[in-house]
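User: I have a structure open and some questions about it. Can we go through it piece by piece?

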Amino acid sequence: MGTQTAGDLEYLAGLLEAGTISPAIDRSYPLAQVPEAMRYFDAGKARGKVVITVS
């Protein structure tokens with residue numbers, strides 16, 4: 001497992017803010033559909049992040 005320093009995280013945050021990199025989001029589910037999101041994730045179908053939104 002790798003280790004991160006505060007400097008590493010600040011550098012990464014700068015890249016995200018600049019739009020140089022962006023997270024790969026596969027699907028987004030509302031909080032009420034967490035069981036469905038977990039089934040999708042556990043099936044190994046996700047090609048990016050599975051996001052749970054809370055409104």
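Predicted model: local features only at pLDDT ≥ 70, side-chain atom pairs only at ≥ 80, totals over all residues.

User: How many residues does helix 1 have, and how far does it reach?
Analyst: Helix 1 has 13 residues. From its first C-alpha to its last it reaches 18 Å, close to the 18 Å expected at 1.5 Å a residue.

User: Where does glycine 14 lie?
Analyst: Glycine 14 lies in helix 1, which covers residues 6-18.

User: Is glycine 14 exposed or buried, or partly exposed?
Analyst: Its relative accessibility is 33%, so glycine 14 counts as partly exposed. Buried would need a value under 20%, and exposed a value over 50%.

User: And how far is glycine 14 from methionine 1?
Analyst: They are 13 residues apart in sequence and 23 Å apart in space, C-alpha to C-alpha.

User: What about glycine 2, where is that?
Analyst: Glycine 2 is in the segment before helix 1. Glycine 2 counts as exposed because its relative accessibility is 56%. Between glycine 2 and glutamate 36 there are 31 Å in space, C-alpha to C-alpha, and they are 34 residues apart in sequence.

User: New topic. Which residues make the nonpolar surface patch?
Analyst: Leu9, Leu12, Leu16 and Ile21 make a patch of about 320 Å².

User: Where is isoleucine 21 placed?
Analyst: Isoleucine 21 is in the loop between helix 1 and strand 1. With 32% relative accessibility, isoleucine 21 is partly exposed.

User: On to the strands. In which sense do strand 1 and strand 2 pair?
Analyst: They pair in the parallel sense, over 5 bridges. Strand 2 covers residues 49-53. One of the bridges joins isoleucine 25 to lysine 49 in strand 2.

User: How does the chain cross from strand 1 to strand 2?
Analyst: The chain goes through helix 2, residues 34-42, and this β-α-β crossover is right-handed.

User: Why does 3.9 Å count?
Analyst: The cut-off is within 4 Å, so a distance of 3.9 Å qualifies. Side chains of opposite charge can pair when their charged atoms come close.

Terms used
Residues numbered from 1 in each chain as written. Heavy atoms only, no water. Helix = DSSP H or I, 4+ residues; strand = E, 2+ residues; numbered from the N terminus. Buried < 20%, exposed > 50% of the residue type's maximum accessible area, 1.4 Å probe, protein only. Salt bridge = Lys/Arg side-chain N within 4 Å of Asp/Glu carboxyl O. Patch = residues over 30% accessible without salt bridge, like charges linked within 9 Å, V, L, I, M, F, W, Y side chains within 5 Å. Areas by Shrake-Rupley, 256 points an atom, 1.4 Å probe, with all protein chains shown as cover. Pairing = 2+ DSSP bridges. Right-handed = clockwise from strand over helix to strand, strands pointing away. Expected span 1.5 Å × (residues − 1).
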